[in-house]
Amino acid sequence: MFPRPMTPLAAPNGAEPLGRAVRRAPLGRARAGLGGPPLLLPSMLMFAVIVASSGLLLMIERGILAEMKPLPLHPPIREGSAWRGTVSRTGGLSLNAEDSDLQVRQDIRNRTLRAVCGQPGMPRDPWDLPLGQRRTLLRHILVSDRYRFLYCYVPKVACSNWKRVLKVLAGVLDSVDVRLKMDHRNDLVFLADLRPEEIRYRLQHYFKFLFVRDPLERLLSAYRNKFGEIREYQQRYGAEIVRRYRAGAGPSPAGDDVTFPEFLRYLVDEDPERMNEHWMPVYHLCQPCAVHYDFVGFYERLETDANQVLEWVRAPPHVRFPARQAWYRPASRESLHYHLCSAPPALLQDVLPKYILDFSLFAYPLPNVTREACHQ
């Protein structure tokens, strides 16, 4: 069972106190493997949270992953391309003094991660994770041996463009601007492809990063893309959602008209550890307590943060992060506000506990969906 908040917190912009907002949620259905002491929820003024820990990860399994392809255990360091940045003892990068904004944001991120991940019972290493969680993690970390970095990809956070960059760095593509449908498996190396000793070496010696996004904005982006455009998702997930949550639905719905509230109801009943990767919480995809990432980039300043990463790993000057296509319309704050205000408040309160660690770890504020805010 997900822990209940200790006390109500002051919510931003006149919102309902956060402790009260989540208290009504039927948390017993959130089978995320969490339990123990109460959890203090985040707000805009709070960047450090105390997470229930004694029951977060009850099982510790050790083993060797199957079907691993051998790669060099200690790849050669190529002059001019290897990661030579400085990582502080408390985690994160030693940044140039002139980039004060980036320094402040990373300091906030480091403090937040230390506050959450420093609690007893939290994983310290990928081998502290149950086997299923470890497999998910290793299948989402991409490897560049040539430039000695690891990237944990999060769907709906520009991961296709990052995969394109990795293929250019590996010499598979000539340019990030090549127009072709992205193959998300071929010509990419994942940590799950390697032997345990190779995994440990890279986790210890490579530059590690991921990119994150407002959790609910990411959900909206996944909803719009998968149920509005992708027939495979409409048939596999959409039809089941309609059958399960729409009164009077026939036995064979098309699944191409799933509403956002229906999608949220589906998420409430899903185990976060077994969700589809496009809406699985970042915490379960990338395990930021078990893997000590050197940098967490933000979707809100994607191009700047991404090109900073490329500079740190000493990518060739001609390799840049792809600019957003003119035709692409990401989920906006206004669109998210509209969809959240159109959903039943109790339903949103049931969904939030599934993603509470993402809000907490990456310092995103909980949404303000009070009646006053929704009528502005």
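Predicted model: local features only at pLDDT ≥ 70, side-chain atom pairs only at ≥ 80, totals over all residues.

Counting bonded cysteines along the chain, the disulfides follow the pattern 1-4, 2-3, 5-6.

**Disulfides**

- As a reminder, a disulfide is a covalent bond between the sulfur atoms of two cysteines.
- Start with Cys117 and Cys289, which form a disulfide with their sulfur atoms 2.0 Å apart. Cys117 sits in helix α2 (residues 100-117) and Cys289 in the loop between α9 (282-286) and β4 (295-298), so this pair ties together parts that are 172 residues apart in sequence.
- The torsion about the S-S bond of Cys117 and Cys289 is about -75°, so that disulfide is left-handed. Both Cys117 and Cys289 are buried.
- Next come Cys152 and Cys286, another disulfide with sulfur atoms 2.0 Å apart. Cys152 belongs to strand β2 (residues 149-152) and Cys286 to helix α9, so the link joins parts that are 134 residues apart in sequence.
- The link of Cys152 and Cys286 is left-handed, with -95° about the S-S bond. Both Cys152 and Cys286 are buried.
- Then there's Cys341, joined to Cys374 by a disulfide (S to S 2.0 Å). Cys341 is in helix α11 (residues 333-342) and Cys374 in helix α14 (residues 371-374), so the pair ties together parts that are 33 residues apart in sequence.
- With a torsion of about -80° about its S-S bond, the disulfide of Cys341 and Cys374 is left-handed.
- How exposed are Cys341 and Cys374? Cys341 is partly exposed, with a relative accessible area of 24%, and Cys374 is partly exposed at 23%.

**A cysteine to look up, and helix α5**

- Have a look at Cys159 too: at 9% relative accessibility, Cys159 counts as buried.
- Helix α5 spans residues 196-205, and its buried residues include Pro196, Ile199, Tyr201 and Leu203. Glu198 and Arg202 of α5 are buried as well.
- What do the buried residues of α5 pack against? They pack against α3 (131-138), β1 (141-144), β2 and β3 (207-212).

**Aromatic rings**

- A pair of aromatic rings is described by the distance of the centres and the angle of the planes.
- Tyr151 and Trp162 make a tilted pair: 5.4 Å centre to centre, with 40° between the planes. Tyr151 lies in strand β2 and Trp162 in helix α4 (residues 159-169), so the pair ties together parts that are 11 residues apart in sequence. Both Tyr151 and Trp162 are buried.
- For Tyr153 and Phe190, the ring centres are 6.4 Å apart and the planes stand at 70°, so this pair is edge-to-face. Tyr153 is in the loop between β2 and α4 and Phe190 in the loop between α4 and α5, 37 residues apart. Both Tyr153 and Phe190 are buried.
- Tyr151 and Trp162 also belong to one aromatic cluster, along with Phe149, Phe207, Phe209, Phe211, Phe295, Trp312 and Phe321.

**Lysines over rings**

- Tyr153 shows up again here: Lys163 lies over its face, at 3.9 Å from the ring centre.
- Lys226 lies over the face of Tyr233, at 4.9 Å from the ring centre.

Definitions and conventions: Residues numbered from 1 in each chain as written. Heavy atoms only, no water. Disulfide = S-S within 2.5 Å. Helix = DSSP H or I, 4+ residues; strand = E, 2+ residues; numbered from the N terminus. Buried < 20%, exposed > 50% of the residue type's maximum accessible area, 1.4 Å probe, protein only. Contact = heavy atoms within 4.5 Å. Phe/Tyr/Trp six-rings, centres within 6.5 Å; stacked < 30°, edge-to-face > 60°. Lys NZ or Arg CZ within 6 Å of the ring centre and 35° of its normal.
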